[in-house]
Amino acid sequence: MAKERLNLKNQPEVLSIFKHIDNENNFLLSGGAGSGKTYSLVSVIQQAIEENPTTKIACMTYTNAAVREIEERVNHKNLKVSTIHDFLWDCIKNFQNELKASIIELAKTGNKNFIIDNPNISLFNGVEIQYKEFVRLREGIISHDELLSLSEYMYSRYIRLCDITKDKFKFIFIDEYQDTNE
């Protein structure tokens with residue numbers, strides 16, 4: 001692999017990142033605004049694609065404009081670039097029973113994003129949970145804040161969901177994580 005990475009010799013931060021990747025470790029690349037974090041990320045993605053051309057790669061970023069920027073720099077059929085919201089919704093949307101049960105549980109625990117009078121599972125009989133720009137919980141419609149809370153709850157409760165996501169993507173990169181709510 002070192003032979004293949006000779007073209008990265010002028011990018012020591014990218015070579016350092018690949019040491020972590022080769023050792024199957026997570027990594028954090030941080031720096032100030034304009035320091036080249038996204039440039040480095042794009043270089044890492046390009047190298048990962050070069051070394052693993054059939055592997056699925058996910059890249060999440062904060063805005064749709066950033067999605068377009070990364071897609072323009074790296075155009076590959078196995079790269080999925082999306083906002084964190086779109087990525088999470090794509091991962092959980094097909095688990096309707098778990099979505100409904102999780103919303104009810106979050107409502108019962110008093111989560112501020114899930115205020116429902118008399119929460120019970122029959123509330124969602126015949127209703128498909130949807131993600132939109134507005135919230136109507138009784139109609140099964142969630143928006144951005146609800147999606148984040150719901151995803152966090154589901155990933156902590158349903159280990160199978162974690163396994164499915166890990167199996168689907170060999171690499172998951174997050175750009176501009178500092179702009180994301182904890």
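## Overall architecture

Read along the sequence, the elements of the protein follow the order α-α-β-α-β-α-α-β-β-α-α-β. The model described here is predicted. In total the protein has 7 helices and 5 strands. Its C-alpha atoms fill a box of roughly 60 × 30 × 25 Å, taken along the principal axes. The protein has 182 residues, of which 45% count as buried. Among contacts between residues at least 6 apart in sequence, 56% join residues at least 24 apart.

Two packed helices are described by the angle between their axes and the distance between the axes.

| Helix pair | Angle between axes | Distance between axes |
|---|---|---|
| H4 and H6 | about 50° | 10 Å |
| H5 and H6 | about 110° | 10 Å |

Helix H4 spans residues 84-92 and helix H6 spans residues 144-157. Angles of 65 to 115 degrees count as roughly perpendicular, whereas those under 35 count as roughly parallel and those over 145 as roughly antiparallel, the rest being oblique. At about 50°, H4 and H6 are therefore oblique to each other. Their crossing is left-handed. On the H4 side the contact is made by His85, Leu88, Trp89, Cys91 and Ile92, and on the H6 side by His144, Leu147, Leu148, Ser151, Met154 and Tyr155. By class, this contact has 8 nonpolar, 3 polar and no charged residues.

Helix H5 covers residues 96-108. At about 110°, H5 and H6 are therefore roughly perpendicular to each other. Here Glu98, Leu99, Ser102, Ile103, Glu105 and Leu106 of H5 meet Ser149, Leu150, Tyr153, Met154 and Arg157 of H6. The contact of H5 with H6 comprises 6 nonpolar, 2 polar and 3 charged residues.

## The nonpolar core

In soluble globular proteins, nonpolar side chains tend to be buried together. The largest nonpolar core of this protein has 30 residues. Those with the most contacts inside this core are Trp89, Ile92, Ile103, Phe124, Ile142 and Leu150. Strand E1 (57-61), H4, H5 and H6 are the elements that give two or more residues to the core. Its largest share, 6 residues, comes from H4.

## Two residues in their surroundings

Leucine 147 is found in helix H6 and is one of the residues that H6 brings to its contact with H4. Is leucine 147 buried or exposed? Its relative accessible area is 0%, so leucine 147 is buried. Not counting residues up to four places away in sequence, leucine 147 touches His85, Trp89, Ile92, Tyr131 and Ile142. Leucine 147 and leucine 99 are 48 residues apart in sequence, and their C-alpha atoms are 10 Å apart in space.

Asparagine 52 is found in the loop between helix H2 (37-51) and strand E1. Because buried means under 20% relative accessible area, asparagine 52, at 16% relative accessibility, counts as buried. Which residues does asparagine 52 touch, not counting residues up to four places away in sequence? With that exclusion, asparagine 52 touches Lys170 and Phe171.

Technical notes: Residues are numbered from 1 along each chain as its sequence is written. This is a predicted model: local features need pLDDT of at least 70, side-chain atom pairs count only at pLDDT 80 or more; totals for chains, interfaces and linings use all residues. Side-chain values use heavy atoms; hydrogens and water are left out. Axes are lines fitted to C-alpha atoms, for helices over the stretch in contact, and angles run from 0 to 180 degrees between N-to-C directions. Helices (H or I, at least four residues) and strands (E, at least two) are DSSP runs, numbered from the N terminus. A crossing is left-handed if the near helix is turned anticlockwise from the far one by less than a right angle, and right-handed if clockwise. Contact means heavy atoms within 4.5 Å. Ala, Val, Leu, Ile, Met, Phe, Trp, Tyr, Cys and Pro count as nonpolar, Asp, Glu, Lys and Arg as charged, and the others, Gly among them, as polar. A nonpolar core is a set of buried Ala, Val, Leu, Ile, Met, Phe, Trp, Tyr and Cys residues joined through side-chain atoms within 4.5 Å. Buried means under 20% relative accessible area, exposed over 50%, partly exposed in between (1.4 Å probe, protein chains only).
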